[in-house]
Amino acid sequence: MTTLLIADHDGVRLGDATARALTAARQIGHPVEILVAGENVGEIAAAAARLEGVAKVRVADDASLANLLAEPLAVLVVGLAGAYRVIAAPATSTMKNALPRIAALVDVMQVSEVTRVVAPDTFERPIYAGNAIETVRSIEPKLVLTVRAAAFAATAEAALSAPVESVAAPQPAGGSQFVGADLSTSTRPELGSARIIVSGGRALGSAEKFDAVVAPLADRLGAAIGASRAAVDSGYAPNDLQVGQTGKVVAPELYIALGISGAIQHLAGMKDSKVIVAINKDGDAPIFQIADYGLHEDLFTAVPAMMDALR
Amino acid sequence: MKIIVPVKRVVDANVKIRVRADGSGVDLANVKMAMNPFDEIAVEEALRLKEAGKATEIVAVSIGPVAAAETIRTALAMGADRGIHVKAEGRVEPLAVAKLLKAVVAREAPGLVILGKQAIDDDSNQTGQMLAALLGWPQGTFASKVVLDGDHVEVTREVDGGLQTVRLTLPAVVTTDLRLNEPRYASLPNIMKAKKKPIEDTTPEALGVDAAPRLEIVATREPAARQAGIKVASAAELIDKLKTAGVI
């Protein structure tokens, strides 16, 4: 019995989410092999092979896999699936797109967003925006899982690299074609792995003020920037910064919520942060109920004062 | 072109749910229910395609207990043309839903199926992808823009790093993300009109699908509670506390 962990990457480097999902995969107890699919992914495969506890890395390097579209990736994984008891991947947008397609093709009911491995066939996962935690057991001969990266620490690198072998890419599936991507370019840490996150809400009032207030504090703290759904819907911040039930789920050491009231859908994405700071001029904002440190003040006075205090 | 829009009856997004004390599940007695918000966005997108002359008929499909018919009525009141209600009691998992929808698709032959990307009750985010897999169709998930162009659809997707655009050959499956559109409210005259629109009843048996759950729910519990901390009086005090706590 072996586990196949599908690596997520951006075409350049192995994402931190894969090292975190590896921790969950190893807890299941079977030997873990990592599949790296993509185009020109030799470096990424080498990085995967350096992770602790990996039995083998399998690489499918082909132009048809360049953007990890679900259709060709599913054909590849289904072709390999026979050899594995567990097929797992981090719950990133790429893998959330692909894994259910794979699960349906092998006729397995997927367990989404695993937050704890209870037993080799039993897992915890959040439902209702994290307001309930469900323990599910699978009695199927095969398991298909996505792992919530924020719930697991990243596996470290090992002294020795695991062997790397090539697998043939299948014929392209057809029907879907990559047209283009409009990706954020930022020198700040990634939301998913940042130690500190400064997040802005509707109270910022405009994209200009969001940039003028949130960005300097984030840069001073070496933090990633997040946003509430209200701020994203209003166009103050791009969609990839949204933290919440249906956006990114994060658990940094420090989460600073600026002008975020704390709708349950937002709390679902950040309430496992170690230390939560809430700054809001509405003293009754629900975010204060889960904040370790609450500052009842207008963020436009509080943030400059914080910058002063940090000097 | 016909569009099928599956709709799910779920707990209203504004309700704070309660977990039963005995760990047997979430207490849904006397809780306000509504159409899954992502499905409302799916209905709205289908309506806009029809209003733009790119679709001819919109069929709303729901799988669930008797009360799921209310959710189909909501879709009809928004403007869908007719409904199909697959009557099923108890838990129906995404894989079974996808199989049931595949059977409906085989009968209806739509050019497009538009679904919500995730239901806000079980948060699985699986059904659309599974349906596309079973049909052998391409998929455009987490859509923030959908452009129909002859026998293709171009879907802009919300992904971790920003946006990605894919071009799919029809027929295809699209799942909706939050920024795709702002769903309309049903007007009173349209709510009245919806009462006369047809809803066909069917069952998993009639569709030839085994809808029994594959996963066993062992227990359901409350998440670890988070205690409210302290209020600080000033930004300077806040920075002090954070330094003491060793987080900055």
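In strand S15 of chain B, the residue B:Lys231 is the bridge partner of A:Gly294, where strands are DSSP runs of E of at least two residues and helices are DSSP runs of H or I of at least four residues, both numbered from the N terminus. This pair belongs to a parallel pairing in which strand S16 (residues 293-296) of chain A and S15(B) are joined over three bridges, two strands being taken to pair if DSSP finds at least two bridges between them. The model is a predicted one, in which local features need pLDDT of at least 70 and side-chain atom pairs count only at pLDDT 80 or more, whereas totals for chains, interfaces and linings use all residues. Residues are numbered from 1 along each chain as its sequence is written, and chains are lettered from A and ligands numbered from 1 in the order in which they are written.

The sheet that contains this pairing is open and has six strands, in the order S13(A)-S12(A)-S14(A)-S15(A)-S16(A)-S15(B), with parallel pairing. Its edges are strand S13 (224-227) of chain A and strand S15 (230-232) of chain B, each of which pairs on one side only. From one strand to the next the twist averages 20°, with axes taken as lines fitted to C-alpha atoms, for helices over the stretch in contact, and with angles running from 0 to 180 degrees between N-to-C directions. Helix H5 (residues 207-221) of chain A lies across strand S12 (196-200), S13 and strand S14 (254-258) of chain A and runs at about 170° to S12(A). Helix H7 (residues 235-244) of chain B also packs on the sheet, where it touches S14, strand S15 (275-280) and S16 of chain A together with S15 of chain B, and its direction makes about 170° with that of S16(A); contact between two residues requires their C-beta atoms, placed from the backbone, to lie within 7 Å.

A:Ala227 is located in strand S13 of chain A and counts as buried because it has 32 C-beta neighbours inside 10 Å; a residue is buried if 20 or more other C-beta atoms lie within 10 Å of its own, exposed if 12 or fewer, and partly exposed in between, with C-beta atoms placed from the backbone. Leaving aside residues up to four places away in sequence, the residues touched by A:Ala227 include A:Ser199, A:Gly200, A:Val232 and A:Tyr236. Between A:Ala227 and A:His266, which are 39 residues apart in sequence, the C-alpha to C-alpha distance is 9.2 Å.

A second open sheet is made of ten strands in the order S11(A)-S11(B)-S10(B)-S9(B)-S12(B)-S8(B)-S1(B)-S6(B)-S7(B)-S13(B), with mixed pairing. Strand S11 (176-183) of chain A and strand S13 (199-202) of chain B are its edge strands, each pairing on one side only, and the twist averages 25° from one strand to the next. Within this sheet, strand S9 (residues 139-149) and strand S12 (residues 172-176) of chain B run parallel and are joined by three bridges, B:Gly140 having B:Val174 as its bridge partner in S12(B). Helix H1 (residues 37-51) of chain B lies across strand S1 (2-6), strand S6 (57-64), strand S8 (112-116), S9 and S12 of chain B, at about 150° to S8(B).

The contact between the chains takes 74 residues from chain A and 67 residues from chain B. Helix H4 (residues 93-105) of chain A gives the most to the side of chain A that touches chain B, with nine residues. Strand S8 (residues 132-138) of chain A and strand S14 (residues 215-221) of chain B additionally pair in the antiparallel sense over six bridges, with A:Ile133 opposite B:Arg221 in S14(B).

Chain A has eight helices and 16 strands, and 59% of its 311 residues count as buried. Its C-alpha trace spans about 60 × 40 × 40 Å along the principal axes. Chain B contains seven helices and 15 strands, and of its 248 residues 49% count as buried. The C-alpha atoms of chain B fill a box of roughly 65 × 45 × 40 Å along the principal axes.
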